[in-house]
Amino acid sequence: MEKLRRITAPLAQESAVALGFFDGVHLGHRAVLGAVAQCAAAQGLMACAFTFAADSVPVKQGVPLTYLYTDAQKAELMQDCGIHGVYCPAFSELCALDGESFCRQVLVELLHAREVFCGGDFRFGAKAAWNIDSLREFGRQMGFAVHQIDPVLCGGEKISSTAIREAIRRGEPETAAGMLGTAYRISGSVVHGAALGRTRAVPTINIPFAPGQLVPRYGVYVSRTHTPQGSFDSITDVGVKPTVADAQAPAAETFLLDFSGDLYEQPCRVELLHFLRDERKFPDVESLYGQIARDQEQCREWLKNHKNL
């Protein structure tokens, strides 16, 4: 697969461009990205996406935003959809541009856009004052076509990143997966934790959340972990580990089943499949590891009954 290109200078060829914030890269987003990839392949264009850096948008539609996925996660998922290049500036770099300036500087001069795709609710320019009708008019003036992609529904409702965030906050990864099109994932390089797992023959990895990133409901989840050494069934504790730490930043600590080895500083992806129980503080470490043993039994039982996942 061609490596995704981060666009920092004007392209040398014309492109088809997907427009959006694409937080989560859910099924609705994938419809836009997939249409771009198909169009680009048919017309010999470069398949591109425009989005803002995830941590640069503190407010979206007047509401404080905690984003689902980091830029690296978004890029990986966009590449899976057939996108070959992404322009991902900080919001502050473009937020003062009016609609015409955005289209001219970004779509025409930087991306050489011939075909542009977005959802019907796409807004752009300073204070989001321009809409898809404005985009079509600028396209007629500047030489690019605009294509509106219909929303994708789940359970009769339009799929949205907001609905996915709400499901993740409630501890409902199955609901989120139905809208994302894949299991909700926590990705990153493994960092050092308290190393208690190594003393108990319970292999664990720790992945912190990035500043501003959405943290799921604190608790214990059935999960699946993808590592450079293969994929493993696992149990993931999202939270602050109150039994063994004080005032710790939230992280995902994952106990790998049927694994032995060292994954420190290696890239891993943890997929949350099912919520087992809330995180809680135990009176001592012995009680904690007794519960972990019971969690493992429940995890194996759940996975045995959901072999299609």
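Me: Is proline 64 buried or exposed in this predicted model?
Reply: The model is predicted. Proline 64 is found in strand 5, residues 63-64. Exposed means over 50% relative accessible area. Proline 64 has 67%, so the residue is exposed.

Me: Leaving aside its neighbours within four places in sequence, what is proline 64 in contact with?
Reply: Contact here means heavy atoms within 4.5 Å. With neighbours within four places set aside, the contacts of proline 64 are Pro58 and Val59.

Me: How many Å apart in space are proline 64 and threonine 225, C-alpha to C-alpha?
Reply: In sequence, 161 residues separate proline 64 from threonine 225. In space, the C-alpha to C-alpha distance between them is 30 Å.

Me: Is helix 6 roughly parallel or roughly antiparallel to helix 7?
Reply: Helix 6 (residues 161-170) and helix 7 pack with their axes 8 Å apart, at an angle of about 160 degrees. Angles over 145 degrees count as roughly antiparallel. Therefore helix 6 lies, relative to helix 7, roughly antiparallel.

Me: How many residues in the contact of helix 6 with helix 7 are nonpolar?
Reply: The crossing of these two helices, helix 6 and helix 7, is left-handed. Helix 6 brings Ala163, Ile164, Ala167 and Ile168, while helix 7 brings Thr175, Ala176, Met179 and Leu180. One residue of the contact is polar and none is charged; the nonpolar ones number seven.

Me: Is helix 4 oblique or roughly perpendicular to helix 5?
Reply: The axes of helix 4 and helix 5 come within 10 Å and cross at roughly 55 degrees. Roughly perpendicular covers 65 to 115 degrees, and roughly parallel needs under 35. So helix 4 is, relative to helix 5, oblique.

Me: How many residues in the contact of helix 4 with helix 5 are charged?
Reply: The crossing of helix 4 and helix 5 is right-handed. Helix 4 contributes Gly99, Glu100, Cys103, Arg104, Leu107 and Val108, and helix 5 contributes Leu135, Phe138 and Met142. Six residues of the contact are nonpolar and one is polar; the charged ones number two.

Me: Is histidine 112 exposed or partly exposed?
Reply: Histidine 112 is found in the loop between helix 4 (99-110) and strand 7 (113-119). Its phi is near 50 degrees, a positive value in a residue other than glycine. The relative accessible area of histidine 112 is 28%, so the residue counts as partly exposed.

Me: What is the relative accessibility of lysine 127?
Reply: Lysine 127 has its place in the loop between strand 7 and helix 5 (132-142). Phi of lysine 127 is positive, near 60 degrees. Lysine 127 counts as exposed, because its relative accessibility is 83%.

Technical notes:
Residues numbered from 1 in each chain as written. Predicted model: local features only at pLDDT ≥ 70, side-chain atom pairs only at ≥ 80, totals over all residues. Heavy atoms only, no water. Axes fitted to C-alpha atoms, helices over the stretch in contact; angles between N-to-C directions. Helix = DSSP H or I, 4+ residues; strand = E, 2+ residues; numbered from the N terminus. Left-handed = near helix turned anticlockwise from the far one by under 90°. Nonpolar A, V, L, I, M, F, W, Y, C, P; charged D, E, K, R; others polar. Buried < 20%, exposed > 50% of the residue type's maximum accessible area, 1.4 Å probe, protein only.
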